[in-house]
Amino acid sequence: MERKKYIFALIVLIAMLCGCTVDKQCRVSYKVEMWALFQGDSLAADTTIAYYQRYDSITVQGVGNDSILYDNVKSVGTLVLQLRPDTTLTAYSLIYHGQTDTLYIRHNNTIRFVSLACGQMVLYTIEEVWSGSGWIDSVAILDPTLEVKGKDNIRIIAHE
Amino acid sequence: MLVAWGGMASLYAQASAGGRKQAPASTPDTIRAPQQLNETYEAERARFADSAIYNGTYVKLDLFNSAFEAIRFKGAVQNYEAMVSVRLRQRFYPTIELGYALASDEANGGAYKGQGGFLRVGTDINGLKKHPESPHALLVGVRVATAYQGYDLTNVTRNSSYWQTNFADYTDLRRADVWGEVVAGCNVQIAKGFHMGWHIRLKVLFTRSASEDGPLPYYIPGFGFRDDMNWGFNYYIGWKF
């Protein structure tokens, strides 16, 4: 009986020690994205109420990137956009019913090492947002800090 | 204590002198039979041994971590450690532990390589209350430990699924870490001067904050894989001098 106890204790100990290993796969998402919600111009620009206006036929493409992020997507209330990890200015081209405008975001990048498997995570703080002279009326910052768990960061006010 | 023993011995000598000096009629406290006196001597000798300050020096080598980590991580993690302790007043074992470890790994195209030394200082207490003079010991103790290492991380990804992925290299990084340990174990004399024993350790990392300069090493020599808390185990062979 005593011997069984010792063997059991030894197995538990070895199991505990075997648990110490390096994870070769990144199992957690460290993607940090900016959420931009649309607001119609019928609501005051400085309202604190989050108001989603859905827009049809939205196309979004990063300036300097050949890949289209949203391709003529219907009923879009919020855009989820990635900021550039290699520089502090990100620009997106937004096309709505054939009209083009550009959204500019100036941001701070803070690099955090996560693990060998996950690499680095870049945390962003939005410093300034503005748009070109197209269909967007104005842009405002709601929450400048981008987090892994998404939240509304900017508001795009446009003609309804 | 020796004076007390000398006094008793002299009284015994006087009692055994027989006819030259007559013993008082009733002196049970001062005159004893040889058997009783021998027992008293043994008791006094044990007390004297228990009160001696220095009771020997132990030099021990850890076998478990060297073997376990070499097998478990196929040589990617190697750990070597030795321990020197002195036994004081039978119960106390001030201890210094020295070691060296290296770790390397690859994942997602990135590579990690680090190596460094560590030092633990602390004391154990012998928990055998009835026979503290025994060469065997049941030990509990504490340690304060530090490790200093150099490490490199190369080809580390900075992921962005939309914008292009970047890679970064961190080379020639150096960092010191500090932690505390609570240890428990035993020490058994197998043959004269030759000892074996084990220690189980609960380690709590004190230096948890990230450095501004770069990523933290994920393996700490003497502590293990970076975490707020860690377990450790040592199996020693050693010699007492």
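In this predicted model, the side chains of Arg120(B) and Glu97(B) form a salt bridge, with 2.9 Å from N to O. Arg120(B) belongs to strand E4 (residues 110-126) of chain B and Glu97(B) to strand E3 (residues 92-107) of chain B, so the pair ties together parts that are 23 residues apart in sequence. Arg120(B) counts as buried because its relative accessibility is 1%, and buried means under 20%. Glu97(B), at 0% relative accessibility, is likewise buried.

A second bridge of chain B joins the side chains of Arg143(B) and Asp124(B), at 2.9 Å from N to O. This pair links distant parts of the chain, 19 residues apart: Arg143(B) is in strand E5 (residues 137-158) of chain B, and Asp124(B) is in strand E4 of chain B. Arg143(B) and Asp124(B) are both buried.

These residues take part in a wider arrangement. A network of salt bridges links Glu81(B), Glu97(B), Arg120(B), Asp124(B), Arg143(B), Glu181(B) and Arg201(B). Over all chains, a search of the whole structure finds 16 salt bridges. One of them is in chain A, where the side chains of Arg84(A) and Asp86(A) meet at 3.3 Å, N to O. Asp86(A) is partly exposed, with a relative accessibility of 37%.

| Salt bridge | N to O distance |
|---|---|
| Arg120(B) and Glu97(B) | 2.9 Å |
| Arg143(B) and Asp124(B) | 2.9 Å |
| Arg84(A) and Asp86(A) | 3.3 Å |

The next topic is chain B as a whole. Its secondary structure consists of three helices and ten strands. Read from the N terminus, the elements of chain B follow the order α-α-β-α-β-β-β-β-β-β-β-β-β. Of the 241 residues in chain B, 39% are buried. Among the contacts in chain B with a separation of 6 or more, 63% are between residues 24 or more positions apart. The accessible surface of chain B is about 13000 Å², and carbon and sulfur atoms account for 62% of that surface.

Part of the surface is a nonpolar patch of about 470 Å², made by Val59(B), Leu61(B), Val84(B), Trp239(B) and Phe241(B). Val84(B) is partly exposed, at 42% relative accessibility.

Where is empty space left inside the structure? Rolling a probe the size of a water molecule over the atoms shows such space. A search of the whole structure finds one cavity of 30 Å³ or more. The largest cavity holds about 220 Å³ of space. Its lining is made up of 21 residues, and those nearest the centre are Asn65(B), Glu69(B), Lys203(B), Gly224(B) and Trp231(B). Elements of chain B that give two or more residues to this lining are helix H3 (64-72), E2, strand E7 (194-205), strand E9 (224-225) and strand E10 (229-240). E10(B) provides the largest share of the lining, with five residues.

One residue of chain A remains to be described. Ser67(A) sits in the loop between strand E2 (58-62) and strand E3 (68-73) of chain A. Its relative accessible area is 35%, so Ser67(A) counts as partly exposed. Which residues does Ser67(A) contact, leaving aside its neighbours within four places in sequence? They are Gln61(A), Gly62(A) and Tyr162(B).

Conventions. Residues numbered from 1 in each chain as written. Chains lettered and ligands numbered in written order. Predicted model: local features only at pLDDT ≥ 70, side-chain atom pairs only at ≥ 80, totals over all residues. Heavy atoms only, no water. Patch = residues over 30% accessible without salt bridge, like charges linked within 9 Å, V, L, I, M, F, W, Y side chains within 5 Å. Areas by Shrake-Rupley, 256 points an atom, 1.4 Å probe, with all protein chains shown as cover. Salt bridge = Lys/Arg side-chain N within 4 Å of Asp/Glu carboxyl O. Buried < 20%, exposed > 50% of the residue type's maximum accessible area, 1.4 Å probe, protein only. Helix = DSSP H or I, 4+ residues; strand = E, 2+ residues; numbered from the N terminus. Contact = heavy atoms within 4.5 Å. 1 Å grid on protein atoms, 1.4 Å probe; cavity = no way out; pocket = protein on both sides within 12 Å on 5 of 7 lines; lining within 4 Å. Points joined across faces, edges and corners; volume = space filled by probe spheres on them.
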